[in-house]
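Reader: Hi! Could you walk me through this one? I'm new to reading structures.

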Amino acid sequence: QILYLKPPWTLANLLKCYKKHWMAVFGYVVPRSLLSTIECLYKHLCTGKTVDSTTVGILLQESKKLLHAFSSRSDYNGVLPQAYAEVNKLHQTLTEVRAALVRSDSEQDLSEDIMVLSENAVCEKMEGMAPSLQNCEEKKIHPSFHVAQENRHQEIWSVLEGVWNTMNLYSIEIFQKLDPNGVTVTVKSSFEEAFLGLQKLLAAVNGIHEGISR
């Protein structure tokens, strides 16, 4: 009955209402620490800033965290599970695309490495024929190669970290169901949801393992 902004809401309006009424209302329903999630979503989704794929992954993770927290109160006539499924689908798609890009980059870098080795062989021959030709070794790898490699490592780390966080969350929930006194957490979900989540996660981990093996 008393709202900072009346409906219908845009996403920006909704997040503003969350922030305005957080201490008096929403902080009693979900952990108050999730206010940082609201602020993160507002900062990146409602200020007109462009975001990269890594940030998108973080925003999807934060959205899932928020929806999951509210699921302990109600399923909101089925709307919340549907929203969670859509966000989760987006996150899985992003993860698959990023993994494909990492594989593509790795294959491209393999070709570049072969070219570099060939260039090195030519340099060695030239050095043998003309001693005045030096510093060939210094030119074999462009500085941007190291930057691209570092970015790839960050992308891979981000994906694996997301997998670990999800696996850790579901594992805690399952162990809590089996032994309520053994683990203390504030978030809750159904045993079926956690079990299905772990099945999907297992498939994702197998996919990552196959990719790393290749």
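Reader: Which residues are buried in helix H2 (residues 35-45)?
Author: Thr37, Ile38, Cys40, Leu41 and Tyr42 are buried there. Buried means under 20% relative accessible area, exposed over 50%, and partly exposed in between (1.4 Å probe, protein chains only). Helices are DSSP runs of H or I with at least four residues, numbered from the N terminus. This is a predicted model, where local features need pLDDT of at least 70, side-chain atom pairs count only at pLDDT 80 or more, and totals for chains, interfaces and linings use all residues. Residues are numbered from 1 along each chain as its sequence is written, and side-chain values use heavy atoms, with hydrogens and water left out.

Reader: And what covers the buried residues of H2?
Author: The cover includes H1 and helix H3 (53-70).

Reader: New topic: is Arg98 buried or exposed?
Author: Arg98 counts as buried, because its relative accessibility is 7%. Arg98 sits in helix H4 (residues 79-129).

Reader: Then why does Leu11 count as partly exposed?
Author: Leu11 counts as partly exposed because its relative accessibility is 44%. You'll find Leu11 in helix H1 (residues 11-20).

Notes. Helices (H or I, at least four residues) and strands (E, at least two) are DSSP runs, numbered from the N terminus. Contact means heavy atoms within 4.5 Å.
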